[in-house]
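Student: Could we go through this structure together? I would like to begin with the helices and then turn to the sheet and the chains.

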Number of protein chains: 2
Amino acid sequence: MKKVYILLAEGFETIEALAPVDILRRCGIEVVTLSISNSKKVVSSQDIPVEADKLLSSEDFLDGDMIVLPGGSPGYQNLSKSSKVIELSKKYLDYPDKFLGAICAAPSILESAGFLKGRKIICHYSVKDHIKEGILVKEKVVQDGNLITASGAGLGIDFGLKLAEVLVGAEKVEEVKKIMTII
Amino acid sequence: MKKVYILLAEGFETIEALAPVDILRRCGIEVVTLSISNSKKVVSSQDIPVEADKLLSSEDFLDGDMIVLPGGSPGYQNLSKSSKVIELSKKYLDYPDKFLGAICAAPSILESAGFLKGRKIICHYSVKDHIKEGILVKEKVVQDGNLITASGAGLGIDFGLKLAEVLVGAEKVEEVKKIMTII
């Protein structure tokens, strides 16, 4: 079974984090939400308190197939301040069989860490000026190798579907889209 | 300020409940999530534990402009078993200045309670055969007077945008759509 870790920081964007959890679990993928603080309770940028499955500090979490960085403010700033988030992002990007998903302002975390050189990405317009080494593409969801990025909360469902597709294939995703009445 | 109550039962569909909370709050609307059980902790049908703002049993909640019934299984069955949910739905539907939103299988709760006579609706295909008095319309999001319905989880964002539009108008919703990178 494929395994995905979704990183939750205080102020994560609700749809960007939870639509992927919903869709990936519907696709039969094991999803584990990880709080980057020392509390499992994490409050979204729209003031919804959610209980994460585990604490990021509790294990090394290198056994996953994908990690996901949601945006949201101050969620993405909080992610960017965590050395373990940066270290884990590097390891998942460096490993060609693993994937990294980042949405909204979260791709700028990867830019700041120096991981976007020559990588095609999309991010939220509010952080576009921050992108120097990454190559901005005018699409709503962008895949470049093992990196998947999306522009913002309104694309949370499309982002989740793309993350699922690279892990379990288009056929399974089409099934789930029917159940979700997307098609 | 407009006020919306979103009813959370064990097994609520994550996107159907929380995308509306996200979007309505982004639109400056006061949103209060209500757990229909005796615990504020409610677990979604995709196993995400969320903390509701209040218990449905704690007040009469007749001061709102809208109530929202998410789908999800067994969420919608749990909503349908609550006499207070049925009573509140009737009061909001009977009052022309108030609204009721129901998505996925939740419109079938209103059918069972006898509230859909002559009302145009859409619901999830799995409960369509249950609709006798309501008039099924082939659209993804349907407004008939003060009743707004939608087909399923993949329409959670569109549903949230429609709920916001009837409360605060299209101009505010367009602003929020830009920030969410929908347009």
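Student: What should the 13 residues of helix 1 of chain B span?

Tutor: This is a predicted model. At 1.5 Å a residue, helix 1 of chain B (residues 14–26) should span 18 Å, and its end C-alpha atoms are 18 Å apart, which agrees.

Student: Are the residues of helix 1 of chain B buried or exposed?

Tutor: Buried: 13 of the 13 residues are, so helix 1 of chain B is largely enclosed by the rest of the structure.

Student: Which residue takes a positive phi just after helix 1 of chain B?

Tutor: G28(B) does, with a phi of about 80°.

Student: Now the sheet. In what order do the seven strands of chain B lie?

Tutor: The order is 5-2-1-6-7-11-10 in an open sheet, and the pairing is mixed. Its edge strands are strand 5 (54–55) and strand 10 (141–144) of chain B, each of which pairs on one side only.

Student: In what sense do strand 1 and strand 2 of chain B pair?

Tutor: In the parallel sense, over six bridges between residues 3–8 and residues 30–35 of chain B. Within this pairing, L8(B) stands opposite S35(B) of strand 2.

Student: And how many bridges join strand 6 of chain B to strand 1, and how many to strand 7?

Tutor: Three bridges join strand 6 of chain B to strand 1, and four join strand 6 to strand 7. Both pairs run parallel. M66(B) takes part in each: V4(B) stands opposite M66(B), and in strand 7 of chain B the bridge partner of M66(B) is F99(B).

Student: Which way do the residues of strand 6 of chain B point?

Tutor: M66(B) and V68(B) point one way, I67(B) and L69(B) the other, and all are buried. In a regular strand the side chains alternate between the two faces of the sheet.

Student: What lies across strand 7 of chain B?

Tutor: Helix 3 (residues 83–94) of chain B, which runs at about 125° to strand 7 and also lies across strand 1, strand 6 and strand 11 of chain B.

Student: How do strand 10 and strand 11 of chain B pair?

Tutor: They are antiparallel, over four bridges, and V141(B) has A150(B) as its bridge partner. Their hairpin has two residues between the strands, and G145(B) takes a positive phi near 60° there.

How values were computed:
Residues numbered from 1 in each chain as written. Chains lettered and ligands numbered in written order. Predicted model: local features only at pLDDT ≥ 70, side-chain atom pairs only at ≥ 80, totals over all residues. Pairing = 2+ DSSP bridges. Contact = placed C-beta atoms within 7 Å. Axes fitted to C-alpha atoms, helices over the stretch in contact; angles between N-to-C directions. Expected span 1.5 Å × (residues − 1). Buried ≥ 20, exposed ≤ 12 C-beta atoms within 10 Å, placed from the backbone.
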